[in-house]
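Here's a quick tour of a protein structure for anyone just starting out. Keep the 3D view open and follow along as we go from one spot to the next.

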2 protein chains.
Amino acid sequence: MVDGLAALYRPESIAVIGASDDPDKVGGRSIGYLDEYGFRGNVFPVNPNRDTVQGIKAYHSVAEIDAEIDVAIIATPAAKVLGHLEECGKRGVRACIVFSSGFGEVDEAGRQQQDQFVEVARRYSMRVLGPNCQGVANMGTSGIAAFSTCFSTNRVRDGAIAIVSQSGAVAGMLSDIQHDRPAGIRFWAATGNEADVGVAELVDQALQDPAVRVVEVYCEHLKNADLLARAARRAAQAGKTILMLKAGVTPAGTGAAGSHTGALAQDDAVVDAFLRHHGIVRVQSLQQLADYAQVFASPKPASGNRLAILTNSGGLGVMMADRCARAGLELAELRPATRSALAEYLPAFAATGNPIDVTAELLANSRLLGQTLTVLAADPGIDTIVVALGILGKGYDVEQIVEDLDEVNRTAEATLAVCWIGGVEYGVEELVRRGVATFTDDAACMYALGRYASHGRQRELRAMREEPAATGAPGLSAWTGVASASGFLSENASKQLLRSWDLPVVDGHLVQTADEAVAAAGRLGYPVVLKLCSAEVTHKTELGLVCTGLATVTEVRAAAESVRTRADEAGVDPVEGLLVEAMAEGAVEIALGARRDPNFGMVMLLAAGGVHVEALADFQLVFPSASRTEFLEAIRALGIHPVLANYRGIGPLDEAALADLLAAFATRIAAAGSEVAEVDLNPVFVAAAGRGVTIADALIRLDDGGAW
Amino acid sequence: MVDGLAALYRPESIAVIGASDDPDKVGGRSIGYLDEYGFRGNVFPVNPNRDTVQGIKAYHSVAEIDAEIDVAIIATPAAKVLGHLEECGKRGVRACIVFSSGFGEVDEAGRQQQDQFVEVARRYSMRVLGPNCQGVANMGTSGIAAFSTCFSTNRVRDGAIAIVSQSGAVAGMLSDIQHDRPAGIRFWAATGNEADVGVAELVDQALQDPAVRVVEVYCEHLKNADLLARAARRAAQAGKTILMLKAGVTPAGTGAAGSHTGALAQDDAVVDAFLRHHGIVRVQSLQQLADYAQVFASPKPASGNRLAILTNSGGLGVMMADRCARAGLELAELRPATRSALAEYLPAFAATGNPIDVTAELLANSRLLGQTLTVLAADPGIDTIVVALGILGKGYDVEQIVEDLDEVNRTAEATLAVCWIGGVEYGVEELVRRGVATFTDDAACMYALGRYASHGRQRELRAMREEPAATGAPGLSAWTGVASASGFLSENASKQLLRSWDLPVVDGHLVQTADEAVAAAGRLGYPVVLKLCSAEVTHKTELGLVCTGLATVTEVRAAAESVRTRADEAGVDPVEGLLVEAMAEGAVEIALGARRDPNFGMVMLLAAGGVHVEALADFQLVFPSASRTEFLEAIRALGIHPVLANYRGIGPLDEAALADLLAAFATRIAAAGSEVAEVDLNPVFVAAAGRGVTIADALIRLDDGGAW
């Protein structure tokens, strides 16, 4: 038996409860579309007052229908929805789509009604889409169980794109935009309030369809991170892509989203890190979603970022070359064989470097573009070719040029895109019809190509991730006894735990008396640091409980006494003792942390350390399952990285050791599971290359009750 | 008599030397266009072999023409151009346009030929456009002295836009893009090799035309900075705007530009600062040029950045609200009166905050958009209204909606733009026809509106600039005697000069002996700094010639001796003495400099100081004539600024004093004129608010022979 999700994805029989005879009414549109697009499955209008609806036999109730029902649309007043769901459940309907609104988007009472829908659905193993949603459509079968007007604005073509959106209007806009793009739409869904079925499950369904190559997602709140991560893995395995526009990012946008769908604010930096970690490509606007889809729908895998620019306009070539670096592309170095072959075809005054300029000679020889393209396609040092055409008006043989572009697009290994600005519209339209990625904005074209190349590279990095070690978590139970009421370990206990994890913690000893402190300092070697150790104090420096650079016995003794006195004055209790430590070696301070996010699980924070961390907000978020290379990339993405790469007077610092620390730390906190709630290692000192990193201060919280 | 530039801008009689009977040939197109578009001036084809050309009486030479000739096009083989220029000069032609190519864009010999053109032109007070250019067109008179195919691809409308481009193909693309935008094109120019007339002079001409509101400029090398600055002032006075796409920015782009037009690399940070300083709005792509032009062509001045978003799609509202901050806009706080008026019109479930969502109720009441717009237009707290429409397909009264949008656009004081995504194309086309700024990309729409608002604000800041003081330059001649051969003043001389300019230099004394050093330290108060002073040493620290934190007589004496010894060892000669100085107070180090750029004159550099300045490249470039508020904005644009705004443990630092220093420094170097080549003040210490700034080190170079 087909399950509810599969039924939603590709319904073969559709009942419409609240069916209207008027194909322009919400309860009538789906019936009209199913007829207009030629749906071959069964359609069952349900209306207690009519025997036919839009010329089709109607039923007075769902119970009357004596056939399998994959999907039932409910388009009745809000008050009647629950009853209809119950009937559908009894009747064995696999999934219901609730068009009706007036629920969770309105108020708390409405949200509670939605919860009842889910209870009913669970009872009958039925799935529910909505309420307050515009439905689903599968263009492979013309099964349009939706009321969006986008199915009447244009005739929606079947193809390689799936559109899954929390907003019905946005789903409609994406469909309209796609009308002028090469690929058609296999699946379309607008999920509304998501009482039961959400974006993630439908994305996962769409990825299982062999026809689908790209899923375009719009959402305002990212639910079911685990399901989405699973879908992302499925996409990666199949060489498909999820593109996501996550809105509700800024305070202004979050406020607007709250009043739109009641979406809760999410920390956008975490959302961003999550999407990146799972290879979900984030976009910033609707047009960019469609722009990227053109390139990502390509069956050719992205192999690298070496770009050849072929143009008929020197100026356009300059602009596109300018944008290479920002788009993450680089101009390919043409092989000598390529250069000499180009020199054969092109006039003496043409530029045969890269960009390659065929000049206005294309007017005289309309095969010139095809000839040079064939030469470029044979150069293995080129991953991507962009053909940048300016105007091409009267006098140009546009048919021939289109023919040649299409030919090379079909046969070349390199990714190809055309950017055509100005001139006759026929050229762009015909290229789109033939499935060539075609842009009319040079910036959009370059960003899409660059993102495709970097996506390919990131996919390789993700493939290098190791499975978590099977040894399981180190026992944390021994440490729970020393945690404070709020779950914090003292600095000493935190560091002992980190040492048991084989992480590079600064040498030190916990002592009680000034004499013991002096003895410890003697063992460590001067100068030393002396601090109060207590699980009850998390901000020691502010209270004067940290003394650094103690160079003599006298200084250590004095420090031990003054720290004890200040702790007494501040009423710190219990005091675990005094921590005497070596001075950590290093030029740059880094902060490393990990916290558990309620939606996304354990997230690691890597930041520039030192006193101005917060002011400069120079940080990267990464997930523990990242590979060491990805950790290295995170380090290199820090604003402070140029200083790490070449510290004045020292040279390169030990970023390899820092990457090792990140990888080891990640393995440990992943293995520790939910017992560790929060870790802050700050500062971590990074010394000169080959001299390692040292954790100088550490704070661990064990329980998992705290918020992010 | 009309001068050459004015003749180029608006030719009333046009001769075509090398006239072709074929309207598709380079020498024939202009004649065809002039006929097709209905030019009413005189057209004189010149061809030694024909009596008529394209049905018009032809002349065998320019000399034969017995009427005034404003402009002569030369479309002959390269070898004949010089002779024709000579003939034209003799004949009193006011300006020549050389279509012919094969000059400076090919090789040095070609560049020398161009120089001869200029010599001929000067001799006859004639101006020359090109060579290797596509010409000019004035759509107000249909005077098309150009061969671009863009005049045949679409019928170019007259209007408020001028297009001035170094590249002919790019000028053609801009014309084609403009075809789908509200404003028409008054003037079009492609300047090619710019042997004589360049972009700046034509921009200035265009701004003198009352019909022109926006000039779109494309260039690869910015020549004649002074002329461009003058044009920018003219634009500001008339409330007009110059939009500029400056290409050849990155190494890749610069390389491409070099092979395209032989353009030289320019420091893009200086170009950027120059454009900003003069209120020339820089754009990044051709589409953005046209996008911005839509908004900047508005006769309504930009009054602020408070935006109201009116939409029929909650999702679109969220996306546009999200983009506010990045676009430099903020959501307007609606007045209570506005809110209650909105509540009257809108259904209970509609969002009446900002964004305002009219919901699908617009389907039932097509006046709803117009009604809510009228309410918003009456709210004085709203500077800009964006109407964000998603789809609007079957069932919507698009005619009514367009009517209402047009009405409010004409009558409201606020700037208005429409972003319409999806749905029937008629709506967008009709709004464009009526001159409403209309976008189909939400991101592009918001960036254009944001840039318009910030341009308005920057225009106000520029208006606050003071005229340079009339007192003239302080005498620098006294200092030239102490400069080194390469023009460097010693640190002491540099600081004395800065003190004579009333800038806050750290206290100090130049001494010769250790005893004098100790005496000086006593006068200043301990601790002190001691450095070698010599115009021959510019990197003292690396040679161990700077000792800081000297706290006792013994330390000062020892430092004096060791510095003298090290200077001897390093062979420093002549030595001016030892500089004993107070320790400057301050938490953050800033670097402040000024250098003379060959194109753009004196440019000031403001940067984060300290050891990592170069690694982090955190700097702003400003020009001396900026106002104090602009200097303050430059300080606030530094990446390090959050640290200045709230230094941990100290609080806000004295950014007011830093702005004062920038303003005073700017006045002084502006008054000093070309005698000062370069100044480096590094570090400048910034202390806590109210405690000022102190220049701790300074280096001045007096001659102006050095390169930037």
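In this predicted model, A:Lys531 sits opposite A:Val546, a residue of strand S23 in chain A.

**The antiparallel sheet in chain A**
- Strand S22 of chain A covers residues 528–533, and three bridges pair it with S23(A) in the antiparallel sense.

**The parallel sheet in chain B**
- Over in chain B, five strands make an open sheet with parallel pairing, in the order S2-S1-S5-S6-S7.
- Strands S2 (42–46) and S7 (127–129) of chain B are at the edges with a single partner strand each, so each has one side left without a neighbour in the sheet.
- The average twist here is 20 degrees from one strand to the next.
- Strand S6 of chain B (residues 95–98) runs parallel to S7(B), and three bridges join them.
- To spot this pairing on screen, look for B:Cys96, which stands opposite B:Val128 in S7(B).
- A bit of background: strands in a sheet pair through backbone hydrogen bonds, either parallel or antiparallel.

**Where the two chains meet**
- How many residues of chain B are in contact with chain A? There are 72 of them, and they touch 71 residues of chain A.
- Together the two chains bury about 5100 Å², with 64% of that on carbon and sulfur atoms.
- Three residues, B:Asp322, B:Ile391 and B:Arg648, supply 11% of the area that chain B buries against chain A, more than any other three residues.
- The count of salt bridges between chain B and chain A is one. It's formed by A:Lys394 and B:Asp24, whose closest N and O atoms are 3.3 Å apart.
- Several helices of chain B give two or more residues to the side that touches chain A, including H6 (168–178), H12 (314–327) and H18 (442–463).
- H12(B) gives the most to that side, with 10 residues.
- By type, the residues on the side of chain B that touches chain A divide into 32 nonpolar, 27 polar and 13 charged.

**Salt bridges across the whole structure**
- Counting over all chains, there are 90 salt bridges.
- One of them links A:Asp209 with A:Arg186, with the closest N and O atoms 3.1 Å apart.
- A:Asp209 is in the loop between helix H7 (199–207) and strand S12 (214–219) of chain A, while A:Arg186 is in strand S11 (residues 185–190) of chain A, so the pair ties together parts 23 residues apart in sequence.

**Backbone details to look for**
- The peptide bond from A:Asn682 to A:Pro683 is cis, with omega near 5 degrees. You'll find A:Pro683 in strand S28 (residues 678–686) of chain A.
- In chain B, a cis peptide bond joins B:Asn682 and B:Pro683, with omega about 5 degrees. B:Pro683 is in strand S28 (residues 678–686) of chain B.
- A:Gln54 isn't a glycine, yet its phi is positive, near 50 degrees. A:Gln54 is in the loop between strands S3 (52–53) and S4 (56–57) of chain A.

Key. Residues are numbered from 1 along each chain as its sequence is written. Chains are lettered from A and ligands numbered from 1 in the order in which they are written. This is a predicted model: local features need pLDDT of at least 70, side-chain atom pairs count only at pLDDT 80 or more; totals for chains, interfaces and linings use all residues. Side-chain values use heavy atoms; hydrogens and water are left out. Two strands pair if DSSP finds at least two bridges between them. Helices (H or I, at least four residues) and strands (E, at least two) are DSSP runs, numbered from the N terminus. Axes are lines fitted to C-alpha atoms, for helices over the stretch in contact, and angles run from 0 to 180 degrees between N-to-C directions. Contact means heavy atoms within 4.5 Å. Buried area is the accessible area (1.4 Å probe) that two parts lose on being put together, summed over both. A salt bridge is a side-chain nitrogen of Lys or Arg within 4 Å of a carboxyl oxygen of Asp or Glu. Ala, Val, Leu, Ile, Met, Phe, Trp, Tyr, Cys and Pro count as nonpolar, Asp, Glu, Lys and Arg as charged, and the others, Gly among them, as polar.
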